[in-house]
Amino acid sequence: MTSTEAAAIALQDHAALWSVGEISASEVVDSACDALVAGLDTPNLRILAACTRAEADYDVPDLLPPALAELGLALHPVGGAAGQEVAVRALARRMLAGELKPWELAFRIHRLYGHELPLTVRLAELDDEYGIFEDGDEAIAQVDAEVTAEARRLAAHPTVPAEPTDPPS
């Protein structure tokens, strides 16, 4: 994967995580800056990357969709299946990159989706299992391994197709 492809995936992930409240708008701006440094360059991406931390909360909602569109990426609706899937896969990649511990991934997924999202039912069940064990219990290592395996499965698909915006004709 080229650095521009990695930067595009990272920007898409940051957009999805921001849309479900997992990260701040200023982190999206940081990701836009990283994308510019990696070689992605569009007018709206430059405008997004130029936002200050003080402006981010106000400007990201308006600037992010056109910046993503210029790159051929989409900001999926929060309540839609595609938006949920993108956010779940982004969280899984964060865990695999060492930004989250396995228990944190399971907890966040469980908090966001409970046992309702078929894609993440196993992670919600594993979060329940963490509550059974005491710190230092050997079984926790087994649950960590299962969460890591689930994260790998989820992260294996970096993107999902955009949801159709027009009804089929």
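A disulfide is a pair of cysteine sulfur atoms within 2.5 Å. Keep that cut-off in mind for the first stop. The model on your screen is predicted.

**Stop 1: the cysteines**

Select C33 and C51 and show their sulfur atoms. How many disulfides does the rule give? The count comes to zero. C33 is in no disulfide, and its nearest cysteine sulfur, that of C51, is 9.0 Å away.

Now colour the two by accessibility. C51 has a relative accessibility of 9%. Buried means under 20%, so C51 counts as buried. C33 comes out at 29% and is partly exposed.

**Stop 2: the whole chain**

Zoom out and switch to a cartoon view. The protein chain has eight helices and zero strands. Follow it along the sequence and the pattern reads α-α-α-α-α-α-α-α.

The chain exposes about 8900 Å². Carbon and sulfur atoms supply 54% of that area. How much of the chain is buried? Of its 169 residues, 43% count as buried.

Contacts tell you about the fold too. Take the contacts with a separation of 6 or more: residues 24 or more positions apart account for 58% of them.

**Stop 3: the largest nonpolar core**

Hide the surface. Select L48, V60, L105 and V147. In the largest nonpolar core, which has 47 residues, these four touch the most other members. Helices giving two or more residues to this core include α1 (3–19), α4 (53–70) and α8 (138–155). Which helix gives the most? That is α5, with seven residues. In soluble globular proteins, nonpolar side chains tend to be buried together.

**Stop 4: L48 and V60**

Centre on L48. Set aside its neighbours within four places in sequence. L48 is then in contact with V28, V29, A32, V60, L63, L64 and A67.

Step across to V60, which lies in helix α4. Is V60 buried or exposed? It has a relative accessible area of 0%, so it is buried. Which residues does V60 touch, not counting those up to four places away in sequence? They are W18, A25, V28, V29, L48 and P65.

Draw a line from V60 to W18, C-alpha to C-alpha. The two are 42 residues apart in sequence and 9.7 Å apart in space.

**Stop 5: helix α2**

V28 and V29 were on the contact list of V60. Both are among the buried residues of α2.

What do they pack against? Look for α1, α3 and α4.

Then move just past the end of α2. There G39 takes a positive phi of about 115 degrees.

**Stop 6: S3**

Go to S3, found in helix α1. Its relative accessible area is 47%, so S3 is partly exposed. S3 and V37 are 34 residues apart along the chain, yet their C-alpha atoms are separated by 9.6 Å.

**Stop 7: N44**

Jump to N44 in helix α3. Its relative accessibility is 19%, and the limit for buried is under 20%. N44 therefore counts as buried.

Show side chains here. The side chain of N44 makes a polar contact of 2.8 Å with the side chain of E70. Leaving aside neighbours within four places in sequence, N44 is in contact with P66, A67 and E70. A67 is also on the contact list of L48.

**Stop 8: E150**

Finish in helix α8, at E150. The relative accessible area of E150 is 14%, so this residue is buried. Which side chain is joined to that of E150 by a polar contact? Select R153: the contact is 2.8 Å. Beyond its neighbours within four places in sequence, E150 is in contact with R122, L123 and L126.

Conventions: Residues numbered from 1 in each chain as written. Predicted model: local features only at pLDDT ≥ 70, side-chain atom pairs only at ≥ 80, totals over all residues. Heavy atoms only, no water. Core = buried A, V, L, I, M, F, W, Y, C linked by side-chain atoms within 4.5 Å. Buried < 20%, exposed > 50% of the residue type's maximum accessible area, 1.4 Å probe, protein only. Helix = DSSP H or I, 4+ residues; strand = E, 2+ residues; numbered from the N terminus. Contact = heavy atoms within 4.5 Å. Polar contact = N/O pair within 3.5 Å; in protein donor to acceptor, adjacent residues only side chain to side chain. Areas by Shrake-Rupley, 256 points an atom, 1.4 Å probe, with all protein chains shown as cover.
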